[in-house]
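This report covers salt bridges, a strand hairpin and a charged surface patch. The sequence and structure come first.

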Amino acid sequence: MTWTVETLNETVDDEIEALPADMRARLVRIAQLIAMSGLENVHQPHVKHIEGLIWEMRMKGRDGISRALYVTARKQRVVIVRVFIKKTEKTPRREIEIALTRAKEVQDD
């Protein structure tokens with residue numbers, strides 16, 4: 001069974017659209033890598049565990065770095081719950097809290 005990568009809702013879609021083009025392209029590339037190779041075969045520097053159920057896709061571009069926080073759901077689904085431009089070395093607690101709150105909305109069909 002292959003992996004799929006999806007977004008939680010339109011809010012997350014808007015967050016992705018707000019990224020610079022090179023970072024959006026990098027996000028698409030990581031999503032394709034997960035779909036083609038399987039999440040279990042994708043490691044750093046592409047993805048990294050943050051806390052609990054929250055993992056991050058790591059994008060770098062000309063204008064800085066951004067992150068897409070995600071959770072996994074049944075049926076081999078990656079659900080992106082938060083996307084933001086990272087301005088500090090450590091992922092801000094506020095961003096993790098937003099991701100944890102949104103992760104509760106993921107339907108585990």
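This is a predicted model: local features need pLDDT of at least 70, side-chain atom pairs count only at pLDDT 80 or more; totals for chains, interfaces and linings use all residues.

Arginine 94 is exposed because its relative accessible area is 55%, whereas glutamate 95, at 8%, is buried. Shared partners join the salt bridges of Glu15, Arg82, Arg94, Glu95 and Arg102 into one network. The whole structure holds 10 salt bridges.

Within this topic, arginine 102 and glutamate 15 also meet through their side chains in a salt bridge, at 2.9 Å from N to O. Arginine 102 belongs to helix H3 (residues 93-103) and glutamate 15 to helix H1, so the pair ties together parts 87 residues apart in sequence. Arginine 102 counts as buried at 15% relative accessibility, and glutamate 15 is buried at 12%.

Strands S2 (residues 47-51) and S3 (residues 54-61) pair in the antiparallel sense over 4 bridges. Their hairpin has 2 residues between the strands, and glycine 52 there takes a positive phi near 55°. Glutamate 56 in S3 is the bridge partner of lysine 48.

The side chain of glutamate 56 also meets that of arginine 67 in a salt bridge (3.3 Å, N to O). Since arginine 67 lies in strand S4 (residues 64-73) and glutamate 56 in S3, the pair ties together parts 11 residues apart in sequence. Arginine 67 is buried, with a relative accessible area of 5%; glutamate 56 is buried as well, at 2%.

## Negative patch

Glu10, Asp13, Asp14 and Glu17 gather on the surface in a patch of negative charge. Aspartate 14 lies in helix H1 (residues 10-17) and counts as exposed at 52% relative accessibility.

Definitions and conventions: Residues are numbered from 1 along each chain as its sequence is written. Side-chain values use heavy atoms; hydrogens and water are left out. Two strands pair if DSSP finds at least two bridges between them. Patches are made of residues with over 30% relative accessible area and no salt bridge: like charges are joined within 9 Å, nonpolar side chains (Val, Leu, Ile, Met, Phe, Trp, Tyr) within 5 Å. Accessible areas come from the Shrake-Rupley method with a 1.4 Å probe; for residues, only the protein chains shown count as cover. A salt bridge is a side-chain nitrogen of Lys or Arg within 4 Å of a carboxyl oxygen of Asp or Glu. Lys and Arg count as positive and Asp and Glu as negative; His and the chain ends are not counted. The place of a charge is taken as NZ of Lys, CZ of Arg, CG of Asp or CD of Glu. Buried means under 20% relative accessible area, exposed over 50%, partly exposed in between (1.4 Å probe, protein chains only).
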